[in-house]
Amino acid sequence: MKKALNIIKNVLVWLFVAFTIMVMLFTISTVFFVDKEEEQNFKDNYLLGFKGLTVLSPSMEPEIMTGDLIIIKKVDENNWDDLEVGDVITFQSPDINSPSFGQTITHKIHEITKDDNGNLAFVTYGVNTGTIDPVPVSAGLVYGEYKFRIPAAGKFLLFLKEPQGYIICILIPFLLLILYHGIKTIKLFRQYKKEQNAELQAERDVIAAERAESQRMLEELAALKAQLAAQNGAAPAASEPAQPQETSAETASTEQTPPTDTE
């Protein structure tokens, strides 16, 4: 059970890390190559020839929804001829009589034609209304060709640009991630110190045991020396020769002399 909980915790942590990284990448992308549609200051900054735009109008619904993030591929004079009827293009509005003049618009090509100067141009329209745009778009005003969309990602990027979006989606998760790893680091450091202290205590116990063993051996050696010294001191007394016993006067007087012959 404990192992399963650890696995679940690790999975959640990695998902959280992946989410944080993804949000940071999205934020970086908004700075470098994502703009808002309908803006007049279109930035000519592409990443490998591609650029992102957040759709702000419903003119291309239901093919492209408001709030979608669309990816366009850069179009210039080298590939103008590759554009065909039915392609969706992003361009600068040429209609001087429209409030959208100069703004960035994404519409579908209805017809390929020529402008007043005889240059290549495109008649466009919005899918939502089906109304033909009154002024053809000169090829030089085309920024890129629509390739694909990421549903609702544009809304998310717009939210990230707001202070509350940055705090909720980037700052707080990043701080929580730092806090989590900080707590984990402290726990690992405490565990390391505990194991280190346990190793030091084990070494002290070994040294104390060795000292006790050495002391015991010294005591045994001292006792053995004392025993040997005692044995060496008693040996000469046991080897002294025995003194001859003196004959008592009574014993000497009782000795008989051999009889003499009187004849």
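Ser-57 counts as buried, at 13% relative accessibility (buried means under 20% relative accessible area, exposed over 50%, partly exposed in between, with a 1.4 Å probe and protein chains only). The model is predicted, so local features need pLDDT of at least 70 and side-chain atom pairs count only at pLDDT 80 or more, while totals for chains, interfaces and linings use all residues. Residues are numbered from 1 along each chain as its sequence is written, and side-chain values use heavy atoms, with hydrogens and water left out.

Ser-57 lies in the loop between strand E2 (50-54) and strand E3 (69-74). Strands (E, at least two residues) and helices (H or I, at least four) are DSSP runs, numbered from the N terminus. The Ser-57 side chain makes a polar contact with the side chain of Ser-59, at 3.4 Å. A polar contact is a pair of N or O atoms within 3.5 Å; within protein, one must be able to donate a hydrogen and the other to accept it, and residues adjacent in sequence count only if both atoms are side-chain atoms.

Strand E6 spans residues 120-125. Six of its six residues are buried, so E6 is largely enclosed by the rest of the structure. Leu-120, Phe-122 and Thr-124 point one way from E6. Ala-121, Val-123 and Tyr-125 point the other way.

E6 pairs with strand E5 (residues 104-114) in the antiparallel sense, over six bridges. Two strands pair if DSSP finds at least two bridges between them. Thr-124 is the bridge partner of Ile-109. The hairpin of E5 and E6 has five residues between the strands, and Gly-118 takes a positive phi near 80 degrees there. E6 also pairs with strand E7 (residues 137-138), antiparallel, over two bridges. Here Ala-121 stands opposite Ser-138.
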